[in-house]
Amino acid sequence: MTIGELIDDGRALIQTGPFGSQLHAHDYVSTGIPVIPTEAIGRRLINDAKLPKVSSETARRLQRHRLRCGDILFARRGIQATGLSAIVYERHEGALCGTGAILLRIIDPKIDPTYVSFALALDSTCDWIRSRAVGAVMPNLNASILRALPLQLPEPSIQRSISSVLSSLDDKIALNRRMNHTLEATAAALFRSWFVDFDPVVAKAEGRRAVGVPVDVRDVFPATFSVDGELAVPAGWCMQAVSEFIELNPTRRLPNGTVAPYLDMAATPTTGHAPDKWIHRAAGSGARFVNGDTLLARITPCLENGKSAFVDSLADGEVGWGSTEFIVLRPIEPIPPVFAYLLARWPDFRDHAERSMTGSSGRQRVALDALAAFKFVRPPDSVARAFGESVKPLFERVASNMAENRTLAALRDTLLPQLLSGAIRLRDAERAVGTAI
């Protein structure tokens, strides 16, 4: 049946998020009730990143848009309006539906919202939505389009069983992502310790051992500071413009029309590596990148939401490409590749990027030359190499978890249409999942 038929039968309801006239820029506050914007809607899941917030008073005024566990949000406009939808789990219950979303709420207790969320994540469903989005430059969805969306509903017990099987894969994927978040946080803490707080130098100057610095690495740090401009930096180090030790948008050969891995802004995670699954399409104008590059979103609101990614899942020698709204960062040897990724996520760097934005309020961009001019400490080659070796095990574990996630996601995406069509028995699917996790 269609979603519209479910709505007409009173088994579901659909409503568009609050109009822009109901939610203004001045309504947003630093702490309060989260709002789920368009860019936070991922493939079946909500991206937990720097969500905007409103006061409790504003949330009460927009009470009809408060989210419940099991609600499903469709991205209504922009690059996300290409089939992305996400289910609301407990951690987002009570949040507000954003102005750029459409809410689908299942009312019938015989319909499992988790099952519906998996059915909506099918490639065929996403293609169906993408082909009907209105507008070539800025795609838009509306409730009328979604009402016509077909949905296959087996018996309630079958829905729950399918949800259980596929959710176990998603749970393992989520666990790996949380582990990666912890690993990257550890690497970020080491980055700050070495290149912002200069802990190893301070400790050496005070005659004590720096925490987290291996014995064979201590010798690469000086024991004194010198002044570079107005800043005290380790002796022999210097402050330099980022462009002096990191290439920005380096040239990489990939003729237009070549079918190659593609990454758009919508598929870029708010934290982590890119991506779980590549799209392949004929290359046009846009950024070119290889393994070891860092991609930084240069437009609002993607930059503010922390969209950046470290590329490490391309095939050997393969060149990927993506939106012109990416800035590619590639360290110059011996600066390790992850240095650029950790710098791109460093708050001072991102604040500089946001302050450097130009353009209209609705579509501001970071100018490449403004980003290139950002000054940061340039470590000596010996320190750069030591840092790369120190964080290497962390990022190897991250890469391993990402590889496992790609395998699990591929199994999930294979099982999903087969389970929905009845081409595979639940018992066989459970056995395949049990082996994988």
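Start with β13 and strand β19, residues 320-322: two bridges join them, and they run parallel. L263 stands opposite G322 in β19. Keep in mind that this is a predicted model.

With strand β15, residues 279-282, it pairs in the antiparallel sense, over four bridges. Here A260 stands opposite R281 in β15.

Next, the open sheets. One of them has four strands in the order β1-β8-β5-β6, and the pairing is antiparallel. β1, at 12-16, and β6, at 85-87, are the edge strands, each pairing on one side only. From one strand to the next, the twist averages 20°.

Look inside that sheet. Strand β5, residues 72-75, pairs with strand β8, residues 101-106, in the antiparallel sense, and four bridges hold the count. L73 stands opposite L103 in β8. Which helix packs on the sheet? It is α3, residues 113-120. Helix α3 touches β5, β6 and β8, and its direction makes about 20° with that of β5.

Another open sheet, also of four strands, has the order β2-β4-β3-β7. Its pairing is mixed. The edges are β2, 28-29, and β7, 96-97; each of these pairs on one side only. Strand β3, residues 33-36, pairs with β7 in the parallel sense, over two bridges. I36 stands opposite C97 in β7.

C97 brings me to the cysteines. How many disulfides are there? The count comes to zero. Take C69. Its sulfur is 16 Å from the closest cysteine sulfur, in C97, and that is too far for a bond. The cut-off for a disulfide is sulfur atoms within 2.5 Å. C69 counts as partly exposed, because its relative accessibility is 42%.

Now C126. This residue is in no disulfide either; the nearest cysteine sulfur, again that of C97, is 18 Å away. Is C126 buried or exposed? Buried, with a relative accessible area of 4%.

On to the helices. The axes of α9, residues 337-344, and α12, residues 381-421, come within 9 Å. They cross at roughly 75°. So α9 is roughly perpendicular to α12. Which residues make the contact? From α9, V338, F339, Y341 and L342; from α12, F387, V391 and F395. By class, that contact has seven nonpolar residues, no polar ones and no charged ones.

One more residue belongs with this picture: F191, found in helix α6, residues 156-195. F191 counts as buried, because its relative accessibility is 1%. What does F191 touch, leaving out residues up to four places away in sequence? V196, F339, L342, L343, W346, F376 and F387. F339 and L342 are in the α9 side of the helix contact, and F387 is in the α12 side.

Last, a distance across the model. From F191 to D71, C-alpha to C-alpha, is 40 Å in space. In sequence, F191 and D71 are 120 residues apart.

Notes:
Residues are numbered from 1 along each chain as its sequence is written. This is a predicted model: local features need pLDDT of at least 70, side-chain atom pairs count only at pLDDT 80 or more; totals for chains, interfaces and linings use all residues. Side-chain values use heavy atoms; hydrogens and water are left out. Axes are lines fitted to C-alpha atoms, for helices over the stretch in contact, and angles run from 0 to 180 degrees between N-to-C directions. Angles under 35 degrees count as roughly parallel, over 145 as roughly antiparallel, 65 to 115 as roughly perpendicular and the rest as oblique. Contact means heavy atoms within 4.5 Å. Ala, Val, Leu, Ile, Met, Phe, Trp, Tyr, Cys and Pro count as nonpolar, Asp, Glu, Lys and Arg as charged, and the others, Gly among them, as polar. Two strands pair if DSSP finds at least two bridges between them. Buried means under 20% relative accessible area, exposed over 50%, partly exposed in between (1.4 Å probe, protein chains only).
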